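Subject: Structure handover

Hello,

Please find the structure below. My notes on it follow.

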Amino acid sequence: MNITSTTIAKYNDQALTAHQRRLANLTAELPQATSLLKLLEAFQVAIPSWALGTGGTRFGRFGLGGEPRNLEEKITDIGLLHTLNRSSGAVSLHIPWDIPEDAAKIKALAGQFGLAFDAMNSNTFQDQEDQPLSYKFGSLQHVDKAVRAQAIQHNIDVVKYGEALGSKALTVWLADGSCFPGQLNFREAFNRTLDSLREIYAALPGDWKLYLEYKAFEPNFYSTTVADWGQSLLFVSKLGRQAYTLVDLGHHLQGANIEQIVALLLMEGRLGGFHFNDSKYGDDDLTVGSIKPYQLFLIFCELVEGMDARGMDHARDLGWMIDASHNVKDPLEDLLQSVEAIMLAYAQALLVDRPALADARAQNDIVRAQEILQTAYRTDVRPLIAEARLRTGGALDPLAVYRGEAVRQQLTKERGTGGRATGL
Ligand code: LRH
Ligand code: MN
C-alpha cells in the first residue's frame with residue numbers, strides 16, 4: 001500500500017495555515033529555531049523489522065489484521081512510515097526472523113523508499129527448527145564448545161547477510177546467564193563469552209561496528225552474562241576499537257540513571273547506539289516517551305553535549321534504532337509516535353542554552369540550571385518537527401494521514417487477518 005506525495009500534499013494544504021501560525025509563534029520566541037531544521041531533517045531513526053506485527057506476552061497475544069507476511073511487506077510498511085515522517089530512513093533486520101533470501105531484490109525495494117540498512121541483529125536466544133544444538137543453557141557462554149561454535153558461526157552468517165545489504169554493524173544481545181545460584185561460574189562464563197566474541201570480532205569487516213547490548217534480566221532471572229553497562233564496557237574494551245556498547249532503554253534496573261550511563265559511555269568513545277522504547281517496570285518495550293519523556297530529554301541533552309564535545313555527526317555517528325513490541329496498539333501508529341517522541345526530545349535538547357547552563361553549574365546555581373533545562377523541555381517544538389517533515393516532503397501530521405487513508409483497513413483487505421509477522 002503506497003501513499004503518494006499528492007495525497008500527502010492534500011492533507012498538508014488543509015493543515016498549512018495553522019502550522020505556519022504555530023511555527024511563527026515559536027520562531028518569534030526562538031530565532032535560532034530554524035537553524036536547527038537542517039539537523040532535524042538529517043536525523044534518521046531505524047525501524048526494527050521485528051516490530052511490525054503485534055507482539056504478545058506469555059499470557060496472550062491479540063492479533064491485528066494486515067500484518068506483514070514476509071520481508072518485502074515489512075520493507076513496504078517501513079517505507080510507508082518514512083514516506084509519512086521522512087525520519088524513518090533505515091531498517092534494522094533480525095536474523096533468522098527476517099532473512100533477505102534475495103538480498104539484491106530487498107536492497108532495491110528498500111532503495112525505492114530511500115531506506116538504508118542499519119545494524120543487523122543475531123539471535124542465539126531461540127532454538128530454530130533445524131538447529132543441531134540447543135541454546136537452553138546459553139550460547140556464547142555455553143560450557144559445550146560445539147554450542148559456542150554454532151553461535152559464533154550464526155553471528156558470522158548474520159554479518160554476511162548484512163554485507164549484501166550495505167549494513168555496517170552487528171548487534172549482539174545475549175540471553176545467556178543463569179536462573180539459580182550455583183548454576184554458573186561467573187568468571188568462566190565471562191571468559192568463554194569473551195573468547196566467543198573475539199572470534200566474531202575477528203570476522204568483522206574493517207569498516208563494521210559490533211554493538212554489545214546489555215540487559216539486567218529476562219529470560220534469565222538470577223544472572224545475565226552481559227547484564228549492565230559496566231559488563232558490556234568491560235567486554236568491548238577487551239575486544240577492540242570496533243566494539244561498542246548498545247543502550248536499550250528498557251534493560252536497566254529500577255532507578256538506574258541512564259543519562260549518566262550515556263554520558264560516560266560517550267566520554268569513553270564506547271557508545272555505539274540505542275534501542276529506544278519506554279518502560280515503567282521491566283523490559284516493557286512500550287512507545288518511546290510514553291512513560292518517562294523527561295528522561296528521554298535528559299538522555300538527548302547528554303548526547304548532544306557529548307557528541308559535540310567529540311565533534312561527532314549527530315545523524316551518522318551513533319546507531320539510532322527503535323526496539324519495541326506492540327501488544328495492544330497498531331504497530332505502525334505506535335512507531336510513528338515513537339519516532340515523533342525521539343525527534344521532540346532531540347529538538348528540545350538542541351534548544352538548551354549550554355553556555356548559560358555551564359555558568360549556572362559553575363556557580364552551583366541549581367535552580368537556574370534546572371530552569372535552563374526545563375525551559376527547553378517545556379518548549380513546544382512540534383511545529384519545528386512538522387516543518388522539518390514538510391521541507392523533506394513528508395506529512396505535517398503523519399498519524400492524521402495514516403488514519404485518514406484508513407491504512408490499517410486497506411492492509412487488512414490486502415493481507416487478511418490470519419497473518420502473523422515474524423518477530424517478538
Ligand atoms: C532483548 C532485545 C534485543 C533483541 C530483542 C528483540 O530484550 O531488546 O535487542 O534482540 O529484544
Ligand atoms: Mn533491544
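In which helix is S196 found? S196 is in helix 6, which spans residues 186-202; helices are DSSP runs of H or I with at least four residues, strands are runs of E with at least two, and both are numbered from the N terminus.

Before the rest, the conventions. This is a predicted model, in which local features need pLDDT of at least 70 and side-chain atom pairs count only at pLDDT 80 or more, while totals for chains, interfaces and linings use all residues. Residues are numbered from 1 along each chain as its sequence is written, chains are lettered from A and ligands numbered from 1 in the order in which they are written, and side-chain values use heavy atoms, with hydrogens and water left out.

Leaving aside residues up to four places away in sequence, S196 touches L140, R148 and I152; contact means heavy atoms within 4.5 Å.

K238 lies in helix 7 (residues 229-239). At a relative accessible area of 41%, K238 is partly exposed. With residues up to four places away in sequence again not counted, K238 touches F190, L194 and R198.

The metal site

The manganese ion (ligand 2) is coordinated by E213 (OE), D248 (OD), H275 (ND1) and D323 (OD), at 2.1 to 2.2 Å. Donors are N, O and S atoms within 2.8 Å of the metal (3.2 Å for Na, K and Ca), and sites may look incomplete because water is not among the atoms. The arrangement is octahedral because the six donor atoms subtend angles of 72 to 169°; six donors count as octahedral if opposite donors are over 155 degrees apart and all others between 65 and 115. The donor residues are spaced E-x34-D-x26-H-x47-D in sequence. E213 lies in strand 7 (residues 209-213) and D248 in strand 9 (residues 243-248), so this pair ties together parts that are 35 residues apart in sequence. Both E213 and D248 are buried.

Ligand 1

The residues around ligand 1 (a heavy atom within 4 Å) include W50, H94, F125, W173, H251, D283 and L424. E213 and D248 are also among them. Polar contacts are pairs of N or O atoms within 3.5 Å; within protein, one must be able to donate a hydrogen and the other to accept it, and residues adjacent in sequence count only if both atoms are side-chain atoms. A polar side-chain atom of E213 is 2.7 Å from an oxygen atom of ligand 1. For the side chain of K215 the distance from an N or O atom to a ligand 1 oxygen is 2.9 Å, and for a polar side-chain atom of D248 it is 3.1 Å. The protein covers 96% of the 300 Å² of accessible area that ligand 1 has on its own (Shrake-Rupley method, 1.4 Å probe; for residues, only the protein chains shown count as cover).

Backbone

I95 and P96 are joined by a cis peptide bond with omega about 15°. P96 sits in the loop between strand 2 (90-92) and helix 4 (103-112). The peptide bond from E218 to P219 is also cis, with omega near 10°.

Regards

Key: Tetrahedral: all angles 85-135°; square planar, octahedral: opposite > 155°, others 65-115°. Buried < 20%, exposed > 50% of the residue type's maximum accessible area, 1.4 Å probe, protein only.
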